[in-house]
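These notes are for a first reading of the structure. Please keep the model open beside them and check each point in turn.

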Amino acid sequence: MSLWELWVQQEPLVCLSLAPVTFSNEKACTVVSGLWMDPYTRQFFQQASDLDVEHIVPLSWAHKHGGANWTREQRRAFAEDPANLWLVDDGHNQSKGDKGPDEWLPPYQPARAIYAQQFKLIAESYGLK
C-alpha cells in the first residue's frame with residue numbers, strides 16, 4: 001500500500017471520528033476503532049473495517065466527464081479533496097460504484113438532497129460536465 005493510499009484510508013477516519021480512535025499499533029498508522037456516522041444510512045459504526053472512504057464524485061465518473069485531460073497533480077488534488085470524501089458503510093459504497101446521482105442515491109431519504117448538492121458543487125468546482 002502506498003503512502004497516498006494509506007492517507008486516503010486513514011486520515012478521514014481520524015478526522016471524522018466522533019470519539020477517540022484506537023490504532024493497531026504504536027506507530028498510529030492503521031485505525032481500528034472510533035465512532036462514525038454514515039451519512040448514507042444514518043447508522044453508527046465503531047469498527048473502521050466496516051467503512052469505506054467514499055469519493056462523492058467517483059474518480060472514474062470524473063474521468064469520463066472531463067477529468068481525462070487533467071494533469072497528474074489535478075487528478076491527485078481531486079482524489080484527495082476532503083470535500084469529496086465521506087466515510088460510508090462499505091456495502092453501500094460498493095453498490096454505488098462509479099454512478100452519479102442520476103443513477104444512485106443514498107438510502108436515507110434526508111441525505112439524498114445533501115448528497116446531490118455536494119456532488120454538483122464538487123463537479124462544478126472541477127469543471128466536470
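1. Contacts along the chain. A contact means heavy atoms within 4.5 Å. Among the contacts in the protein between residues at least 6 apart in sequence, 56% join residues at least 24 apart.

2. Basis of the values. The model is predicted, so local features need pLDDT of at least 70 and side-chain atom pairs count only at pLDDT 80 or more, while totals for chains, interfaces and linings use all residues. Residues are numbered from 1 along each chain as its sequence is written, and side-chain values use heavy atoms, with hydrogens and water left out.

3. Elements. The protein has five helices and five strands. Here helices (H or I, at least four residues) and strands (E, at least two) are DSSP runs, numbered from the N terminus. Read from the N terminus on, the order is α-β-β-β-β-α-α-β-α-α. The radius of gyration is 15 Å, close to the 14 Å that the globule rule gives for 129 residues, so the protein is as compact as a globular protein of that length. That radius is taken over C-alpha atoms, and the globule rule is 2.2 Å times the number of residues to the power 0.38. The C-alpha trace spans about 45 × 35 × 20 Å along its principal axes.

4. Surface and burial. The accessible surface of the protein comes to about 7700 Å², and 54% of it belongs to carbon and sulfur atoms. Such areas come from the Shrake-Rupley method with a 1.4 Å probe; for residues, only the protein chains shown count as cover. Of the 129 residues, 37% are buried. Buried means under 20% relative accessible area, exposed means over 50%, and partly exposed is in between (1.4 Å probe, protein chains only).

5. Charges. There are 11 positive and 16 negative side chains, and the centres of the two sets lie 6 Å apart. Lys and Arg count as positive and Asp and Glu as negative; His and the chain ends are not counted. The place of a charge is taken as NZ of Lys, CZ of Arg, CG of Asp or CD of Glu.

6. The three-stranded sheet. Three strands form an open sheet in the order β1-β2-β3, with antiparallel pairing. Its edge strands are β1 and β3, each of which pairs on one side only. Two strands pair if DSSP finds at least two bridges between them. Strand β1 (residues 22-23) is joined to β2 over two bridges, and Phe23 stands opposite Val31 in β2. Strand β2 (residues 31-37) is joined to strand β3 (residues 44-47) by three bridges. Ser33 has Gln47 in β3 as its bridge partner, and Met37 stands opposite Phe44 in β3.

7. Ser24 is placed in the loop between β1 and β2. With a relative accessible area of 46%, Ser24 is partly exposed. Ser24 touches Thr30 and Val32, if residues up to four places away in sequence are not counted. The hairpin of β2 and β3 has six residues between the strands. Arg42 lies in that loop and has a positive phi of about 70 degrees, although it is not a glycine.

8. Trp36 and Lys129 are 93 residues apart in sequence, and their C-alpha atoms are 32 Å apart in space.

9. The pair β4 and β5. Strand β4 and strand β5 (residues 85-89) pair in the antiparallel sense over five bridges. Glu54 stands opposite Trp86 in β5. Strands of a sheet pair through backbone hydrogen bonds, either parallel or antiparallel.

10. Cover of β4. How many of the five residues of β4 are buried? The count is five of five, so β4 is mostly covered. In a regular strand the side chains alternate between the two faces of the sheet. In β4, Leu51, Val53 and His55 point one way, and Asp52 and Glu54 point the other way. Val53 lies in this strand, which covers residues 51-55, and counts as buried at 18% relative accessibility. Val53 and Tyr40 are 13 residues apart along the chain, and 12 Å separates their C-alpha atoms.
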